[in-house]
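Hi,

Here is the structure I promised to pass on to you.

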Amino acid sequence: MGADGPKVVAAVDFGTHGTGFAWAVRTPPNDDPRTRRVQFFTRFPGRQLDYPKNLTAILLSAGGETVAWGHRAHRLWADALAKGESDGLGYAYAFKTAWQSGGTMSDMPTVGGFVDLDDRGRVRELTTAYLKEIRELAMAEIRGMKYAEREVRWCITVPAIWDDEGKAVMRRAAVDAGFPDDPERLLLAIEPEAAALYCYLRMTDADAATSETARLPLHLDGFRFVVIDCGGGTVDITAYESDSGAGEPIALREIGLATGGHLGSEYVNQAFRDTTLGERFGPAVLKRIERDHPAELLRMSRQWEHAKRTVEVEQDASSVAHVLDPVRIEVPAVVWNLLDEPVRARLTGDAGGLPRQIVLSPDEVEGLLDETVDGILDKVAEQLATIARTGGTASGPETLLLVGGFARSEWLRERMRARFGGRHRIVVPPDPALAVLEGAVHFAYRPDVFVSRQAKYTYGFETAKPFEEGVDPTVRMYRDDEGDVLCVGRFGIAVRRMDGVRVKDAYPFRIVPVREEQRQLDVDLYRTAEPDPRYVDEDGCEEIGRLTVDLSGTVGRPLRERAVMLLFYFGASELRVEVFDPATEETSRVSVDFDRM
């Protein structure tokens, strides 16, 4: 890209429900983030959208080729099912959620045909295939502005709750999809961090009586805030504090510990399908609709999707929020004809004599929403308790930033206000669903905005240390080539859980082979939630990957002359490891083999 860096920065927000891309050209006017022009794309294949995200769905042939992606994939899959022509096809939707669990989302109808999300390799193949399509679409747009692919820096979003191996596999999937195999040209953005940057620029106060913009005072040292990113599949929550001492206009350090879980709006939709439709139609009929009429099921689900975001909410005399009106869902004719006459009569009576209607009472709507919302509120409380322990109790209210597509739900906002509004400030940007996507563009433009992050675990590696009589069991005793008695299987701590680690700082560790003829050194990496593990096989310790260090250049030398330095960078958005060899005075980057997926 040259000494001056990229000419274009582009971000892909890879989401559970929807995926989109946006970009910005690096120009002097755009160097100021307050006036930066971010461009969005809405002309996806087969559908012109008013929102810059396509459906995260893909349809594959038996040979693994992409037949269609996005909304078009869902439409073609529904047509194939209706015509009985689905043999040899595989369909997947919302497959991002299967990454961390490593298994299928058995409670959500996200796959069809030959696709099996229990197969970890299949999840990666689906991700690669989807990212390939969106990369090619984005590059066609960028080439139209006369920029070459080598001039683009890319950024792909990942949840804060993802582990190091999940991020590593995402990077490999992206490289397989055609993104550059260069850490300077392909960044991973932590989703709530991207949202924090967006909020800095586009903030409005949800509690304000007017639409006046209220900026976050990130230029003030010590201002802290919690980001609550409520997406389709996951909710991601963490906290940050501004650091004016970093010498930058915007510099943030993480003070929370990323938490969240499978609490996204898709689970509210699933509750509607399983509970509401299951009870109204009966489980057997619902299964038939899922199998034979998925397009009609999607029509009903979309009506609910709109209703759950737009239901009117009011407060009673005790300031308790309630859904104001019932929700009506129109039943497609083909579904209505599948129902027995007693079922149709019951539904018609419940709808006040109107046929082909499902009516959800306000209490039922609240119950469906609260199955997920209650979990979100508990996670927010957990994060507030964490930052109170690590950073002390704030002198005033904490600022809670609510972002993500689910943040458009007035019910979620009211429940947030009811539980936290009396003590804390709750803020929602103008379009919370775009917070991560636009924020990722700003991060790609200037990735050094984050100066430090919190270690999620105690990280370290398996090593041998001097054997301690009376402490170490004899079964761990080992004598090296120089006669030193060592204890094998020790946990060499690199960084402890909840330590603040600066992005640019290296954590150096000296390691020595145990044999003079050893040509390489395999270092197994471990993590645990405990602060002071002694052995790598203790309860709670988990092997997460391996790195291999080339020692061929010093074979035959005395062991003391074969030491190398491992340099761990734990503060970056991805774990990075370098090796410094004093014998050659060379530093090289070493890849970590995360083999869990």
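Strand β7 (residues 57-61) and strand β8 (residues 66-69) run antiparallel and are joined by 3 bridges. Strands here are DSSP runs of E with at least two residues, helices are runs of H or I with at least four residues, and both are numbered from the N terminus. Two strands are said to pair if DSSP finds at least two bridges between them. L59 stands opposite A68 in β8. The hairpin of β7 and β8 has 4 residues between the strands, and G64 takes a positive phi near 90 degrees there.

Before you go further, please keep in mind that this is a predicted model: local features need pLDDT of at least 70 and side-chain atom pairs count only at pLDDT 80 or more, while totals for chains, interfaces and linings use all residues. Residues are numbered from 1 along each chain as its sequence is written, and side-chain values use heavy atoms, with hydrogens and water left out.

Now to the sheets. F580 stands opposite T587 in β33.

Another open sheet is formed by 5 strands in the order β25-β26-β24-β29-β30, again with antiparallel pairing. Here β25 (477-479) and β30 (542-550) are the edge strands, each pairing on one side only. Neighbouring strands of this sheet are turned by 45 degrees against each other on average, direction ignored. Strand β24 (residues 458-466) pairs with strand β26 (residues 485-495) in the antiparallel sense over 7 bridges, and the bridge partner of T463 is R490 in β26.

Strand β19 (residues 327-330) and β20 pair in the antiparallel sense over 4 bridges, with V359 in β20 as the bridge partner of R328. Strand β20 (residues 357-360) is covered on both faces: Q357 and V359 on one side and I358 and L360 on the other are all buried. (Buried means under 20% relative accessible area, exposed over 50%, and partly exposed in between, with a 1.4 Å probe and protein chains only.)

Which helix is largely enclosed by the rest of the structure? That is α13 (residues 435-445), because 11 of its 11 residues are buried. Among them are E438, H442 and Y445. A385, in helix α11 (residues 362-391), is partly exposed, with a relative accessible area of 34%. The C-alpha atoms of A385 and T587 are separated by 41 Å, and these residues are 202 apart along the chain.

For helix packing, take a look at α6 (residues 265-281) and α10 (residues 341-350), whose axes come within 9 Å and cross at roughly 120 degrees. The two helices are therefore oblique to each other (under 35 degrees counts as roughly parallel, over 145 as roughly antiparallel, 65 to 115 as roughly perpendicular and the rest as oblique). E279, R280 and F281 in α6 meet V343, R346 and L347 in α10, where contact means heavy atoms within 4.5 Å. By class, this contact has 3 nonpolar, no polar and 3 charged residues. (Ala, Val, Leu, Ile, Met, Phe, Trp, Tyr, Cys and Pro count as nonpolar, Asp, Glu, Lys and Arg as charged, and the others, Gly among them, as polar.)

Last, the rings. The structure holds 18 aromatic pairs. W77 and Y91 have ring centres 5.7 Å apart and planes at 5 degrees, so this pair is stacked. (Rings of Phe, Tyr and Trp, the latter by its six-membered ring, pair if their centres lie within 6.5 Å; planes under 30 degrees apart count as stacked, over 60 as edge-to-face and the rest as tilted.) Both W77 and Y91 are buried. Ring pairs also link F14, F21, W23, F41, F44, W69, F95 and Y130 into a cluster.

Best wishes

Key. Axes fitted to C-alpha atoms, helices over the stretch in contact; angles between N-to-C directions.
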